[in-house]
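Please read the report below alongside the sequence and the coordinates.

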Amino acid sequence: LRLTLGGRYDRYQNIGHTTNPRFAAVYDGLEKTTLKFMAGSAFKAPTPYEALYSYPGTAKNNPDLKPEKIRTYEAYCERQLPEQTGHLGIGYFRSTIKNLITQITDPADGLNQFVNKEHIKTEGVELNAKIHTGRYISGHAGYTMQNTREVGGGRLSNSPRHTATAGLTGKLPVMETSAGMELFMVGPRTTFQQTRLRSAALLSLNLSARPWRSGPRIYLGIYNLTNADYQASGSADHTQAALAQDGRNYIAGLEHRF
């Protein structure tokens, strides 16, 4: 049994001081199974932009903006597969946020302003797996289901209920070659303006190799290979409810270590 305890102390001239503890317990007493429990809190002071920015006809300040605080709890169980071929994991998490700083449009005057949301709660479960098949091929997969909403109200914008990822990596001794692909999936969400964003799946490929024994390593990557239509929520600063994200794009790199 391993216990970890930590903490952080902050003091701000305008809003006072805060102390936030962190705790973790890890139990390895079961064969090939590890149990973890983690808890903690964190603190975020409002930035000068959030509290003081104003512009005639567009935005107004909020000098009474309060700091936001979060408390988190997480329980996790990890099971090693036979012969060190990987592991499976399942976890539960829960967070409560007080005074979440968020931007709204005041219906009284149509101006944008940062305010504190009274009480936000999020909880969910996560599943993940990592498997090695021999020396050269490995794969991973993960899935998260979560629900984030204002207590006594609806779900927050741009907060998907479902996200998932899966990937496959292969390695070859020839030129120290590594190749992989990863699929990221996100479920439907609502925008700041309460319209609906469709779910999306993004596929990425990457390749790296060292053609010369003592020379540089070459990197190549293709992101959003299928050129999927992927959008994110706008904010009160945007006219659009949804903002188009990058389509298919490429990256090439060269790395040399001396």
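This is a predicted model: local features need pLDDT of at least 70, side-chain atom pairs count only at pLDDT 80 or more; totals for chains, interfaces and linings use all residues.

Residues are numbered from 1 along each chain as its sequence is written, and side-chain values use heavy atoms, with hydrogens and water left out.

**The sheet**

An open sheet is formed by 12 strands in the order β1-β2-β3-β4-β5-β6-β7-β8-β9-β12-β13-β16, with antiparallel pairing. Strands here are DSSP runs (E, at least two residues), helices are runs of H or I with at least four residues, and both are numbered from the N terminus; two strands pair if DSSP finds at least two bridges between them. At the edges stand β1 and β16 (249-255), each of which pairs on one side only. On average, neighbouring strands of this sheet are turned by 15° against each other, direction ignored, where axes are lines fitted to C-alpha atoms and angles run from 0 to 180 degrees between N-to-C directions.

| Strands | Bridges | Residue pair |
|---|---|---|
| β2 (residues 16-30) and β3 | 7 bridges | Arg-22 and Gly-40 |
| β3 and β4 (residues 68-80) | 12 bridges | Thr-34 and Glu-78 |
| β5 (residues 86-105) and β6 | 19 bridges | Arg-94 and Glu-123 |

In the hairpin of β2 and β3, where 2 residues lie between the strands, Lys-32 takes a positive phi near 60°.

**The aromatic rings**

The structure holds 3 aromatic pairs, a term for rings of Phe, Tyr and Trp (its six-membered ring) whose centres lie within 6.5 Å, with planes under 30 degrees apart counted as stacked, over 60 as edge-to-face and the rest as tilted. One of these pairs is tilted and is formed by Tyr-12 and Phe-43, at 5.8 Å centre to centre and 40° between the planes. The pair links distant parts of the chain, since Tyr-12 belongs to strand β1 (residues 2-12) and Phe-43 to strand β3 (residues 33-44), 31 residues apart. Tyr-12 counts as partly exposed because its relative accessibility is 30%, the limits being under 20% relative accessible area for buried, over 50% for exposed and the range in between for partly exposed (1.4 Å probe, protein chains only).

The rings of Tyr-49 and Phe-114 have centres 5.8 Å apart and planes at 70°, so this pair is edge-to-face. Because Tyr-49 lies in helix α1 (residues 48-52) and Phe-114 in strand β6, the pair ties together parts that are 65 residues apart in sequence. Tyr-49 is partly exposed at a relative accessible area of 40%, whereas Phe-114 is buried at 15%. Ring pairs also bring Tyr-53 into a cluster with Tyr-49 and Phe-114.

**The cavity**

How many cavities of 30 Å³ or more does a search of the whole structure find? The search finds 1, a cavity being a set of points on a 1 Å grid over the protein atoms alone where a 1.4 Å probe fits but cannot get out, with lining residues having an atom within 4 Å of a point. The largest cavity holds about 50 Å³ of space, a volume being the space filled by probe spheres set on the grid points, which are joined across faces, edges and corners.

Its lining consists of Tyr-49, Tyr-53, Ala-59, Lys-60, Gln-103, Asn-112, Gln-113 and Phe-114. Strand β6 (residues 112-133) gives the most to this lining, with 3 residues. By class, the lining residues divide into 4 nonpolar, 3 polar and 1 charged, where Ala, Val, Leu, Ile, Met, Phe, Trp, Tyr, Cys and Pro count as nonpolar, Asp, Glu, Lys and Arg as charged, and the others, Gly among them, as polar.

Terms used:
On a 1 Å grid over the protein atoms alone, a cavity is a set of points where a 1.4 Å probe fits but cannot get out, and a pocket is an open set with protein on both sides within 12 Å along at least five of seven lines; lining residues have an atom within 4 Å of a point.
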